[in-house]
Structure formats: C-alpha cells, structure tokens
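The following account leads the reader through selected features of a single model. Please consult the sequence and the coordinates together while reading.

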Amino acid sequence: MLSKRFRTSIVTAGVAVLALGLAACGGSDDSGDSASGDSSAAAAGGGGDAIVVGFSQVGSESGWRAANTKSIQDTLTADAGFDLKFSDAQQKQENQIQAIRSYIAQGVDYIAFSPVVESGWDAVLEEAKAANIPVILTDRAVDSKDTSLYKTFIGSDFVKEGERIGKYVSDTLGTEPINVVELQGTTGSAPANDRKSGFADAIKDNPNVKVIASETGNFTRAEGKTVMEGFLQAYPDIDVVYAHNDDMGLGAIEAIEAAGKVPGKDIKVVSIDGVHDGMVALSEGKISYIVECNPLLGPDLAKIITTLHDGGTVEPRIVTEDGEFNQEQAIAALPDRQY
Ligand code: AHR
C-alpha cells in the first residue's frame, strides 16, 4: 500500500497515477548480462508505447526475495504497459553493476534495483544520470551523498524494524538476564546495518539483555543454520536468537532441534520479514515474534514509474508500512497472507 505521504505527493502533482492500458506489443530481452545469472524473461509484448524498465534484483536468497520478485514481475507486465527486463545478480554487486550498465547501453526508459550492499554505486549511477535514465531504488538504500542520482527510494524502514524487535526482546524476554545471539544479514547491506543498529539502540538501556555473539548468515536458511550450529557449540547458555530475517531464523530452528533443544522453549527465536514459512513457525510457537517487512513493492514501483512518465514528481523517500505478529496474530493472519 502506498504511504500517505506518497499519495499526497501524487495528488499535489495533479497526476493520474495509473497509466495502464498502454499498447502491449513487441518483444524484450533480459539485461544481456550472462555473468549475472539472469533467468527471467521480460514481459512478452512491449515495444511501441510500452515503458521499458530494467530491474536488477539482488538474488534469490530468501522467501522474502521470492515474493518481491513475483510482485515486480506480476505487476510490470506487458498488459499493464511495461516491457520489463529482469536480471538476478546472485547477491554479487559486480553483477548488478554489469546489469545496470547493460540497461544503460540498451537505452531503457527507467532503471530500478535493490542494491545488494550500500556503498560503491556512485560511478554507475552517474553513468545512468548522464544517459538521462531515471533510477529508482527499491527495498534497499545506497549511501551515495548525491541524492540526485536517483528519483526515489521505496522500501521499509529497517532501523525501525530492528528497534521494534529489540523493544519486544527487551520488554517481554528481558525481564530477567538473557543471552542473545544475532544472525546478521548480508554484510554491508542496508537491512543488516540498520537492523543491527536499531536493535542495539532498543536494548541499550536494559542491562538484562546481553548480545554474546553476532555473525552474518547472509540472509539464507542454510547459512543461518551453519552459523547457529557454531553458536550452539561455543555458547551453552543461549536464551534468544535474533535473526535479521525469517529464513536465517528457520535455519537456526533446524540447528536448535538437531542439538536436542526445543525452539520457543529452551531458546526463543525472533526474526524479521513475515514470510509464509516464518509465520507458520510463529503459529507453531517455534518463533516467538516477527516484525514484518513488506516485499510487495511491485504495485508501488509501477505507480512511481507511471507518475514520473506522465511528468509528475514523487517523494524522495517512500516508506512502506509493516506490521508485527505474535503467535495468535500469526494464526489469524496466515489464511490471508499473499506470501
Ligand atoms: O532487503 C530485504 C531483506 O532481504 C529481507 O528481509 C531478507 O529476507 C532479504 O534477503
């Protein structure tokens, strides 16, 4: 759902938000980037009046990412007036840079991407700007000082997500001394940086809450499990796992169970995302609390592009709305979850 701020900006600009019903004809290619592991075909159709969008995705590391990719591909369709060129960077910045350069060379109308890490984007973004191709950041931020290098950044407030989960840990579990281990997301990524700092800030005044270890699990279930196995061997007295996403939390649950302990009882797990498997684990009591990160960015991305295409303006930062869930709320929400 669009934030109120963004809805206001569209009204102020006096722009009809949806420019659907454009001609849907012609063909399209992917980024042409063989090193990036591209597999998705662009929308059948396009050409003519279609708005050509090059999208460089981070990878396919998690359930969240799968839902995000589906949302974008289901929305930026030929029927909706788009010619989507989609590439999967397999969690490698060099692949994303290569894909963006390929989109610039192809002369697409817009470039959108979810940056795998925060730093190192200025040069390629300057190339896009020089080619007059507007760039939209989705999901993750860059740390470029020059904000004219992109039109807007749409996505969740990751610092707030970390703060919300930290507040739950501090208020609900931290009424007695607890040892927390942290499974960080991809090193250098905005969600890993922000979820770590938001959490640290929220627990800092509670002396009961001690983070005894913190390592990256790269946002994947497999690496979350491996890191948790190491934690269990090194620390016999873990009370809580804070996983920066559900997938790593689910991997940690596998490690906890393999070690003969009961997740949710012997060791509590809290995580961020709210994907289907995470919500099922929450409904079963294996995860204790989830702060949501909404992956369904496709419709808002389409509205941003059509607004810009019609000569309107958009806010430089559009924050998506996220919820949070305990066990009862997960049971109630699961039947209607889209991902
Ligand atoms: O950038 C969003 C994060 O990336 C999600 O929380 C995580 O699951 C994904 O890999």
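Leaving aside neighbours within four places in sequence, Ser 144 is in contact with Trp 121, Asp 122, Leu 125 and Leu 149. The model under discussion is a predicted one. Ser 144 belongs to the loop that links β4 (135-138) and β5 (152-155). Its relative accessible area is 8%, and because buried means under 20%, Ser 144 is classed as buried. With Asp 122, the contact includes a polar one between the two side chains, at 2.6 Å.

Apart from neighbours within four places in sequence, Ala 67 touches Pro 295, Leu 296 and Tyr 339. The C-alpha atom of Ala 67 is separated by 9.4 Å from that of Leu 297, although the two residues are 230 residues apart along the chain.

The account now turns to a pair of helices. Two packed helices are described by the angle between their axes and the distance between the axes. For helix α5 (residues 158-173) and helix α6 (residues 190-203), the angle is about 40° and the axes are 7 Å apart. Their crossing is right-handed. Residues making the contact include Phe 158, Ile 165 and Val 169 of α5, and Pro 191, Arg 195 and Phe 199 of α6. By class, the contact of α5 with α6 comprises nine nonpolar, five polar and six charged residues. Among the charged contributors are Glu 161, Glu 163 and Lys 167 of α5, together with Asp 194 and Asp 201 of α6.

Technical notes:
Residues are numbered from 1 along each chain as its sequence is written. This is a predicted model: local features need pLDDT of at least 70, side-chain atom pairs count only at pLDDT 80 or more; totals for chains, interfaces and linings use all residues. Side-chain values use heavy atoms; hydrogens and water are left out. Helices (H or I, at least four residues) and strands (E, at least two) are DSSP runs, numbered from the N terminus. Buried means under 20% relative accessible area, exposed over 50%, partly exposed in between (1.4 Å probe, protein chains only). A polar contact is a pair of N or O atoms within 3.5 Å; within protein, one must be able to donate a hydrogen and the other to accept it, and residues adjacent in sequence count only if both atoms are side-chain atoms. Contact means heavy atoms within 4.5 Å. Axes are lines fitted to C-alpha atoms, for helices over the stretch in contact, and angles run from 0 to 180 degrees between N-to-C directions. A crossing is left-handed if the near helix is turned anticlockwise from the far one by less than a right angle, and right-handed if clockwise.
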